[in-house]
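The following paragraphs go through selected side chains and their contacts. Please keep the sequence and the coordinates at hand while reading.

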Amino acid sequence: WSSDVCSSDLAASATRIELRFPNAVHHEAEVRIAFRDVPSGPLEVRMARSSPGRYAAHDFAKNVYAFRASDGSGRALDVVRVRPNVWEVRGHRGAVTVEYTLFADRADGTYAGIDATRAHLNIPATLAYAPALAGREIVIDFVPPDTTWREAWSRRPTSSRHPPPMASWSPARSAAPPMPLTTCVARLPSTDGVSTPPATAM
């Protein structure tokens, strides 16, 4: 997905996500999520506990580590892990950037799998989200480890704002798309504290 799918009037409050794979050989992704226009008070950030269509509890947060947060100026913010899959970010002034490392060695459609040959991502197992900011537009930049990787979706998108829930990258001889790969989406509200945002949330 190239950046031309993004609307020129994208809201300033849109959530911006960047995924990089500098340590793909060790099954890791670096995730950066920037929340803007955050209401006052602690911001609750969650990892999903289940994946649409597979409703057993998987507790995807177990594959997240080095979780940290900063404000718009780069100042470190206090982070309290209040439950295994929930963090509270405190002391912000309306801007919160969350960063973490994701371990992904299980490309089975429920979890995520990353190695030197591919990155197969199920979004509930990959991205944290803030329930209080549900419904905002999202911009996702995928930065593959090199220009030989190409993009593939699990099924055809219904529109540029609602692509499918899983994506893969793998080396290919064909020309690679522009880097980073960017798509705009809309996140729908989560209906409860256990399930993930819908599969179309990517």
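Asn-122 is buried, with a relative accessible area of 4%; buried stands for under 20% relative accessible area, exposed for over 50%, and partly exposed for what lies in between, with a 1.4 Å probe and protein chains only. The model is a predicted one, in which local features need pLDDT of at least 70 and side-chain atom pairs count only at pLDDT 80 or more, while totals for chains, interfaces and linings use all residues. Residues are numbered from 1 along each chain as its sequence is written, and side-chain values use heavy atoms, with hydrogens and water left out.

Asn-122 belongs to strand 9, which covers residues 118-122. Strands are DSSP runs of E with at least two residues, numbered from the N terminus. The side chain of Asn-122 makes a polar contact of 3.0 Å with the side chain of Ser-51. Such a contact is a pair of N or O atoms within 3.5 Å; within protein, one atom must be able to donate a hydrogen and the other to accept it, and residues adjacent in sequence count only if both atoms are side-chain atoms. The Asn-122 side chain also reaches the backbone oxygen of Gly-109, at 3.4 Å.

Charged pairs come next. A salt bridge requires a side-chain nitrogen of Lys or Arg within 4 Å of a carboxyl oxygen of Asp or Glu, and by this rule the count is 7. One of them joins the side chains of Arg-46 and Glu-44, at 2.6 Å from N to O. Arg-46 is buried at a relative accessible area of 11%, whereas Glu-44, at 24%, counts as partly exposed.

Another salt bridge joins Arg-49 and Asp-59, with an N to O distance of 2.7 Å. Both residues of this pair sit in the loop between strand 3 (43-46) and strand 4 (64-70), 10 residues apart. Arg-49 has a relative accessible area of 25% and is partly exposed; Asp-59 is also partly exposed, at 33%.

Which residue forms a salt bridge with Glu-99? The partner is Arg-68, and the closest N and O atoms are 3.9 Å apart. Glu-99 is partly exposed, with a relative accessible area of 25%, and Arg-68 counts as partly exposed at 37%.

Definitions and conventions:
Helices (H or I, at least four residues) and strands (E, at least two) are DSSP runs, numbered from the N terminus.
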